[in-house]
Amino acid sequence: MAKKDKTNAMRLLDAKKIRYKEHFYDADGSTSGAEVAAMLGENPDKVFKTLVTVGKSGAHYVFDVPVEKELDLKKAASYVGEKSVEMVKSKELLGLTGYIHGGCSPLGMKKFFTTTFHKTAKDFDTILVSGGKIGFQIELTPGDLEKAISFTYADIIK
């Protein structure tokens, strides 16, 4: 990948001198996370999808959960101290984060939002998150991810 082709997620990791492995796959915006894990030959429990929400207060939150799991909105809201949270509409995602639906990464968003990973992320030597565009995943250790962005772990799935 040429330097000019780097995503914001990659630029953030490069700037912090954090090692990561790139994974590419053929997909479009309708490819499910489970399909991505299968294409990459990865355990779907270690491939995380990034979900952007808005709380009753108007604040935005990012939640990363394994691709085959579903975010529990009540648990998520309780964890971040909101009365409720709901998913951000796809059409609002680009302006808010700099990423499109299907290519949203917890790394390198336009603005940092409170971020929570499902607690199982710390159970793996490495995990995969979106690299910032459809067809691209980044693999890194949870510890290295913690060096790149601030986040917490919690039980946030159904």
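Aspartate 155 and lysine 75 pair their side chains in a salt bridge, with N to O at 3.4 Å; the term stands for a side-chain nitrogen of Lys or Arg within 4 Å of a carboxyl oxygen of Asp or Glu. This pair links distant parts of the chain, as aspartate 155 sits in the segment after strand 8 (152-154) and lysine 75 in helix 3 (residues 73-80), 80 residues apart. Helices (H or I, at least four residues) and strands (E, at least two) are DSSP runs, numbered from the N terminus. Aspartate 155 is partly exposed, because its relative accessible area is 37%, and lysine 75 is partly exposed too, with 31%. Here buried means under 20% relative accessible area, exposed over 50%, and partly exposed in between, using a 1.4 Å probe and protein chains only.

A word on what you are looking at: this is a predicted model, in which local features need pLDDT of at least 70 and side-chain atom pairs count only at pLDDT 80 or more, while totals for chains, interfaces and linings use all residues. Residues are numbered from 1 along each chain as its sequence is written, and side-chain values use heavy atoms, with hydrogens and water left out.

Back to the charged pairs. Side chains of opposite charge can pair when their charged atoms come close. The whole structure holds six salt bridges. One of them joins glutamate 139 to lysine 46 at 3.6 Å, N to O. Glutamate 139 belongs to strand 7 and lysine 46 to the loop between helix 2 and strand 2, so this pair, 93 residues apart, links distant parts of the chain. Both glutamate 139 and lysine 46 are buried.

Aspartate 144 and lysine 147 also meet in a salt bridge, at 3.2 Å from N to O. They are separated by about one helical turn because they lie three residues apart in helix 5 (residues 142-148). Aspartate 144 is buried, with a relative accessible area of 18%, whereas lysine 147 is exposed at 57%. Salt bridges with shared partners also join Glu42, Lys46 and Glu139 into one network.

Now for two threonines. Threonine 97 is part of helix 4 and counts as buried because its relative accessibility is 0%. A polar atom of its side chain lies 2.8 Å from the backbone oxygen of leucine 93. Such a polar contact is a pair of N or O atoms within 3.5 Å; within protein, one must be able to donate a hydrogen and the other to accept it, and residues adjacent in sequence count only if both atoms are side-chain atoms. Apart from neighbours within four places in sequence, threonine 97 is in contact (heavy atoms within 4.5 Å) with Val52, Cys104, Gly108, Met109, Lys110 and Phe113.

Threonine 7 lies in the segment before helix 1 (8-15), and it is buried because its relative accessible area is 7%. Its side chain reaches the backbone oxygen of glycine 131 at 2.6 Å. Not counting residues up to four places away in sequence, threonine 7 touches Gly131, Gly132, Lys133 and Phe136.

Finally, look at the largest pocket. Its lining is made up of 29 residues, with Lys49, Thr50, His101, Gly102 and Gly103 nearest the centre. A pocket is an open set of points on a 1 Å grid over the protein atoms alone where a 1.4 Å probe fits, with protein on both sides within 12 Å along at least five of seven lines; lining residues have an atom within 4 Å of a point. Strand 2 gives the largest share of this lining, five residues.
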